[in-house]
Amino acid sequence: MSDNVIEKNDNDGIVTLTFNRPKALNALNSDVLKALAAHLSELEGQTNLRAVLLTGAGEKAFVAGADITEMRDKTPEQARAFAAQALSTIKRLERLPVPVVALVNGFCLGGGCELALACDWAVASDNAIFGQPEVLLGVIPGFGGTQRLPRRVGPAMAIDLVTTGRKIDAQEALRIGLVNRVMSQAELSSYAEELTKQLGGNGRQAVRAAKQAVHDGLDQDLDSALALETSLFAFCFAGEEQKEGMSAFVEKRKANF
């Protein structure tokens with residue numbers, strides 16, 4: 001496995017993981033998934049972690065999809081194992097306790113789109129192209145696309161995309177709710193700094209509790225989810241962040257988290 005198929009950069013707890021196979025348009029293969037799993041093992045134990053950003057090397061692709069050359073000759077059993085490897089790794093990414101954001105530059109297709117869907121939100125450059133074109137290859141999405149896409153954009157739009165295999169540009173992705181913002185590539189490259197400033201004034205435990213409330217609450221009925229929110233709200237009062245944050249507000253100064 002190449003040691004640099006994914007590059008890691010840590011800026012005060014804002015970690016950027018860059019998929020680094022530009023000649024292959026950063027396509028996902030077994031080595032990339034193993035490298036991502038290794039990085040996740042480190043991040044899961046990182047106490048000062050504030051957010052994780054995913055992006056792709058070069059200007060042509062975030063992740064153009066799974067590596068077709070590797071998949072082409074797989075048996076059904078091998079295909080199942082490959083999908084299971086990807087699903088397990090992507091779920092670990094999704095379950096990180098901090099915000100996980102996809103910075104999408106260029107092609108974001110197939111497995112790349114499924115990777116972006118596992119992130120809490122996505123920001124796209126104006127040259128980004130999204131799609132689930134697996135049916136054009138005689139298969140269906142296998143890394144969670146048929147399940148996370150309808151949860152993000154609704155079932156009708158999801159069925160449209162996964163059955164036609166059509167590609168959409170950044171503006172349509174914004175319109176249907178697949179991404180949160182569209183910006184130039186120059187702005188996209190500086191988004192890590194922007195997010196550092198936005199999160200820098202927030203309590204780290206509060207951010208983690210907010211993400212947990214949303215993620216875990218979605219799997220529950222409303223009354224149970226509201227009870228979860230109340231518990232997490234009360235839990236915030238057990239730590240020093242709440243005391244510092246509210247004292248700073250009353251004293252008209254910046255909180256020191």
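Hi everyone, let's start with the parts list: this chain has 12 helices and 10 strands. Those are DSSP runs numbered from the N terminus, with helices (H or I) needing at least four residues and strands (E) at least two. Please keep in mind that this is a predicted model, where local features need pLDDT of at least 70, side-chain atom pairs count only at pLDDT 80 or more, and totals for chains, interfaces and linings use all residues. Residues are numbered from 1 along each chain as its sequence is written, and side-chain values use heavy atoms, with hydrogens and water left out.

Now the overall shape. Along its principal axes, the C-alpha trace spans about 65 × 40 × 35 Å.

How much of the chain is buried? Of the 257 residues, 46% count as buried, meaning under 20% relative accessible area, while exposed is over 50% and partly exposed is in between (1.4 Å probe, protein chains only).

Next, let's look at one strand, E2. E2 covers residues 14-19, and six of the six are buried, so this strand is largely enclosed by the rest of the structure. In a regular strand the side chains alternate between the two faces of the sheet. Both faces of E2 are covered: Ile14, Thr16 and Thr18 are buried on one side, and Val15, Leu17 and Phe19 are buried on the other.

Who are its neighbours? E1, residues 6-11, runs antiparallel to E2 and is joined to it by six bridges; two strands pair if DSSP finds at least two bridges between them. Within this pair, Lys8 stands opposite Leu17. E1 and E2 form a hairpin with two residues between the strands, and there Asp12 takes a positive phi near 55 degrees. E3, residues 51-56, is also joined to E2 by six bridges, and these two run parallel. Here Thr18 stands opposite Thr55.

Finally, find Val104 in strand E5, residues 100-104. Is Val104 buried or exposed? Its relative accessibility is 0%, so Val104 counts as buried. Leaving aside residues up to four places away in sequence, Val104 touches Phe62, Val123, Ala124, Ser125, Ala128, Phe130 and Leu188; a contact means heavy atoms within 4.5 Å. Glu42, by comparison, is 62 residues from Val104 in sequence and 23 Å from it in space, C-alpha to C-alpha.
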